[in-house]
Amino acid sequence: MRSYAGAPPSRRRFLALSAGGAVAGAAALSGCAMQVSTGVSGPGDTVTVMVNSGDILPEQIQQARKDLGIKIVLVKYDITKLIAMLTSGNPPDLVRGVGAVDLPFFAARDVAEELDPYFARSSVLKLDDLDPVNDLWRYDGRTQGKGARYGMAKDFSQDSMYWYNTAAFDKGGVDYPPETEPATYEEWLERAKRLVQRKKGQITVFGGSYGGLTRSTLLTTMTASAGGSLFSDDFSRVDFTTPEARKALTWYIDYCKTKVGTSLIQPDPNGWDGPTYQAGRLAMSNSGYWLGGMIGTDKKLAEVSRLAPAPVFAGGPRISACQGGTGLWMPKKAKNKDAAWRVFEWFFGEEPAKARASGGWGIPTLKSLRSLMPAKEDYQKRVLKVQENELKHFSVVSFTPYTRADALDALFNQIAPAAMNGQISVDTLAGRLNSAINEQLKRGKEQVG
């Protein structure tokens with residue numbers, strides 16, 4: 001249920017920040033009428049953008065002031081601060097978000113502006129130029145991937161794809177994965193077991209890392225790859241006991257138990273895959289195309305690195321999803337929507353977008369910018385060939401609107417290590433996850449109304 005012009009303030013919409021599986025705060029939101037922009041901003045406008053460090057560079061802010069006549073003020077992204085600003089009616093004009101998981105949460109709570117009228121008038125961001133990954137930023141009131149647009153991804157990767165180091169494969173006498181046909185998850189794990197290197201009981205080279213961007217998006221995507229859905233039809237419950245979800249969960253717990261790669265019970269010493277892969281201590285990393293931006297800075301590493309398709313479960317569909325799709329959205333109560341949209345166009349369709357596309361840190365979300373992707377060196381051409389083939393297998397895997405991914409991860413992180421250490425069975429784990437997560441989703445659904 002949405003609030004429209006002339007309607008009384010709605011008190012059915014609540015925002016709740018969930019952390020560690022507990023509700024940290026909630027506040028009622030008043031309704032507001034949808035505002036339609038003229039698409040014209042005035043000189044001297046100021047736009048407040050809540051982002052992470054490095055999302056918008058100082059020199060880009062200066063360039064925007066010169067080219068657009070708009071002053072951009074950056075606010076460091078902080079979910080607690082964002083909740084407070086939203087509930088006080090004084091939000092930023094644009095906000096960073098992860099399309100795969102954040103969009104359903106905010107759209108369902110009726111705090112995000114529908115951007116279809118803006119896109120319809122834009123000469124910069126044309127609908128037929130949008131990559132399908134931008135459907136992660138659509139929501140029809142029930143299902144992600146359909147309906148109104150609420151934001152856009154700045155770039156993306158198909159995050160179940162993985163990089164591998166051919167030098168490690170050669171040393172271990174392991175055949176390379178096919179370039180355009182996917183390996184099965186079982187084959188991936190067998191390779192990891194053969195590639196891991198140990199010395200005096202300590203791992204010197206991890207056989208492979210397969211953690212996803214979050215555990216919740218990883219298991220949601222893997223369940224889809226097994227032919228099922230982790231969530232019920234209305235996204236109000238999870239069920240890890242279905243054959244497809246159990247297959248995904250079993251594989252992931254087996255991966256953790258073998259200790260061939262990083263996990264909750266065997267953390268990466270560097271905190272994430274990048275430095276470990278760069279140091280030659282990781283044979284395979286499921287980081288998607290974007291990691292190529294880092295790999296490409298070391299020519300020797302780039303020449304021995306390959307990108308491979310997302311694995312599949314035998315008999316399941318070939319799905320290669322995006323677990324991120326980070327971009328921007330506009331709060332409904334933003335004070336300067338016309339200028340914010342002009343910054344939105346500039347960020348996603350003009351110089352910042354072109355710079356991102358040529359850097360190799362992600363796939364452009366405008367199809368017209370694909371020609372800027374690095375393709376000069378032989379290793380870049382090889383990677384691009386694999387990536388272009390993989391795009392044919394992209395699909396949106398919908399996420400629940402009733403909680404945040406970090407809240408589900410917190411619950412998983414509390415419960416799952418016992419199974420990874422062999423103390424409980426996968427079936428017991430599935431039951432405990434269902435109980436804890438469904439309680440979290442029940443509270444979220446009550447807040448949304």
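**Exercise 1. In what order do the strands of the open sheet of 5 strands stand, and with what kind of pairing?**

Solution. The model is a predicted one, and its open sheet of 5 strands has the order E4-E3-E5-E15-E8, with mixed pairing. At the edges stand strand E4 (70-76) and strand E8 (151-153), each of which has a single partner strand, so one side of each is left without a neighbour in the sheet. On average, and with direction ignored, neighbouring strands of this sheet are turned by 25° against each other.

The next step is to look at individual pairs. E3 and E4 pair in the parallel sense over 7 bridges, and valine 49 has leucine 74 in E4 as its bridge partner. Strand E5 (residues 94-98) and strand E15 (residues 326-329), by contrast, run antiparallel and are joined by 4 bridges, with glycine 97 standing opposite glycine 327 in E15.

**Exercise 2. Describe which helices lie against this sheet, and decide how far strand E3 is enclosed.**

Solution. Helix H3 (residues 99-108) packs on the sheet, where it touches E5 and E15, and its direction makes about 120° with that of E5. Helix H12 (residues 337-349) lies across strand E3 (45-51), E4, E5, E8 and E15, and runs at about 80° to E4. As for E3 itself, 5 of its 7 residues are buried, so this strand is largely enclosed by the rest of the structure.

**Exercise 3. Work out the arrangement of the open sheet of 3 strands, and determine whether the faces of E14 are covered or left open.**

Solution. The strand order is E13-E10-E14, with antiparallel pairing. The edge strands are strand E13 (284-285) and strand E14 (305-308), each of which pairs on one side only. Strand E10 (residues 162-165) and E14 pair over 4 bridges in the antiparallel sense, and tyrosine 164 has arginine 306 in E14 as its bridge partner. Helix H14 (residues 378-390) packs on this sheet, touching E10 and E14, and its direction makes about 10° with that of E14.

To judge the faces, one needs the rule that in a regular strand the side chains alternate between the two faces of the sheet. In E14, Ser305 and Leu307 lie on one side and Arg306 and Ala308 on the other, and all of these are buried, so that both faces of the strand are covered.

**Exercise 4. Locate the largest nonpolar core and identify the residues that touch the most other members.**

Solution. This core holds 103 residues, of which Leu249 and Trp251 touch the most other members. Helix H8 (residues 243-258) supplies the largest share of the core, namely 8 residues. If residues up to four places away in sequence are not counted, tryptophan 251 touches Tyr185, Glu186, Trp188, Leu189, Tyr210, Met222 and Phe313.

**Exercise 5. At what angle do helices H7 and H15 pack, and which residues make the contact?**

Solution. Helix H7 (residues 215-225) and helix H15 (residues 405-415) pack at an angle of about 90°, with their axes 8 Å apart. Angles of 65 to 115 degrees count as roughly perpendicular, and H7 and H15 are therefore roughly perpendicular to each other. From H7 the contact is made by Arg215, Ser216 and Leu219, and from H15 by Ala405, Leu408, Asp409, Phe412 and Asn413.

Notes: Residues numbered from 1 in each chain as written. Predicted model: local features only at pLDDT ≥ 70, side-chain atom pairs only at ≥ 80, totals over all residues. Heavy atoms only, no water. Core = buried A, V, L, I, M, F, W, Y, C linked by side-chain atoms within 4.5 Å. Buried < 20%, exposed > 50% of the residue type's maximum accessible area, 1.4 Å probe, protein only. Helix = DSSP H or I, 4+ residues; strand = E, 2+ residues; numbered from the N terminus. Contact = heavy atoms within 4.5 Å. Pairing = 2+ DSSP bridges. Axes fitted to C-alpha atoms, helices over the stretch in contact; angles between N-to-C directions. Parallel < 35°, antiparallel > 145°, perpendicular 65-115°, else oblique.
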